[in-house]
Amino acid sequence: MPPEPTMAETMAILLARDMANGEKAIIGTNSDIQVAACNLARLMHAPDLWWISGPGGMVNPERDHLVSTADHGNIASAEAWMDLPNMIDFIDWKIHFFDFAILSALQVDQYGNINTVVVGDQTKPKLRGPGTVGISALCGLSRYFNVVMAHHSKAAFVPRVDFLCGPGHMEGGTSREDRGLPPGGPRLVISPLGVFDFEPGSRRMRIRSLHAGVEVQKVIDATGFELVVQGEPAVTPAVTPQEIELLRSRVDRAQALRKG
């Protein structure tokens, strides 16, 4: 039996399970969990999934360890390489060209809007993030997006993000479409406490499953808004020995996710 998975490994496996064969994904620069998820999904059940390096344009680079998606070493093993004009065209102008993006954030709110820019007063920020880059376009135009949160606290799960750079379900209900955005928005939020989706009518964040040993009250206490709780939440299905063995032997041989 391999050693217990780290939270980073668990998140990669949960994301991989959600991916479908034939989908097209775009992945940002510092995205070890996201890259691991895509490569693992291609090995397990989605061999025709495309993932594209947002900063580099490389398609499906095959490596047995995790490096930045901007690493020039990805070019040699990539199936294709798209130049910058093509990337801008696909990211900024093509509705639903990408099936999904996977994004991290400083804050996520009850409707799945995300903030990667600044926490607190913009003139006196408590915390600065990396900025927006292509996040606004990806959240607006991809068929859906998933959010990976490294921490689950009231500082990260807030009623309303301090800076809206990635539009989710806006103010809930039909407000996203009412503002002229195409259908889509966030599908899953994965945190160290559980997996969350969005109630179809209100589009408020809902508990989908809790990781083993996590109680509902712990999640409620760590969240800055009222979550939708429908019945007794399921327990997140455990990582299997086969999944963790494949991840460690074929995707992350340098054990980058063992450190997370």
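Student: Leaving aside its neighbours within four places in sequence, which residues is Asn-39 in contact with?

Tutor: Quick note on the model before that: it's predicted, with local features needing pLDDT of at least 70, side-chain atom pairs counting only at pLDDT 80 or more, and totals for chains, interfaces and linings using all residues. Residues are numbered from 1 along each chain as its sequence is written, and side-chain values use heavy atoms, with hydrogens and water left out. Contact means heavy atoms within 4.5 Å. With sequence neighbours within four places set aside, Asn-39 touches Trp-51, Pro-61, Arg-63 and Val-251.

Student: Is Asn-39 buried or exposed?

Tutor: Asn-39 sits in helix 2, residues 32-44 (helices are DSSP runs of H or I with at least four residues, strands are E runs of at least two, both numbered from the N terminus). The cut-offs, with a 1.4 Å probe and protein chains only, are under 20% relative accessible area for buried, over 50% for exposed, and partly exposed in between. Asn-39 has 12% relative accessibility, so it counts as buried.

Student: Which side chain makes a polar contact with that of Asn-39?

Tutor: A polar contact is a pair of N or O atoms within 3.5 Å; within protein, one must be able to donate a hydrogen and the other to accept it, and residues adjacent in sequence count only if both atoms are side-chain atoms. Here the two side chains are joined at 2.8 Å, and the partner of Asn-39 is Trp-51.

Student: At what angle do the axes of helix 2 and helix 8 cross?

Tutor: Axes are lines fitted to C-alpha atoms, for helices over the stretch in contact, and angles run from 0 to 180 degrees between N-to-C directions. The axes of helix 2 and helix 8 (residues 241-251) come within 10 Å, and the crossing angle is roughly 110°.

Student: Which residues of helix 8 make that contact with helix 2?

Tutor: On the helix 2 side you'll find Ala-36, Asn-39, Leu-40, Leu-43 and Met-44. Across from them, helix 8 brings in Glu-243, Leu-246, Leu-247, Arg-250 and Val-251.

Student: How far apart are the axes of helix 1 and helix 8?

Tutor: Helix 1 covers residues 7-18, and its angle to helix 8 is about 105°. For the pair, the distance between axes is 11 Å.

Student: Which backbone oxygen does the side chain of His-169 reach?

Tutor: His-169 lies in the loop between strand 11 (157-158) and helix 6 (175-178). At 5% relative accessibility, it counts as buried. Its side chain gets to 3.4 Å from the backbone oxygen of Pro-186.

Student: What is the phi of Asn-60 near?

Tutor: Most residues other than glycine have a negative phi. Asn-60 is in the loop between strand 3 (58-59) and helix 3 (74-77), and at 0% relative accessibility it counts as buried. Its phi is positive, though it's a residue other than glycine, and lies near 50°.

Student: And what is the positive phi of Gln-255?

Tutor: Gln-255 is in the segment after helix 8 and counts as partly exposed at 40% relative accessibility. It isn't a glycine either, and its phi is about 65°.

Student: Last one: with neighbours within four places in sequence left aside, which residues is Pro-3 in contact with?

Tutor: Pro-3 is in the segment before helix 1, and its relative accessible area of 46% makes it partly exposed. Its C-alpha is separated by 39 Å from that of Leu-164, 161 residues apart along the chain. The contacts of Pro-3, sequence neighbours within four places aside, are Arg-248 and Arg-258.
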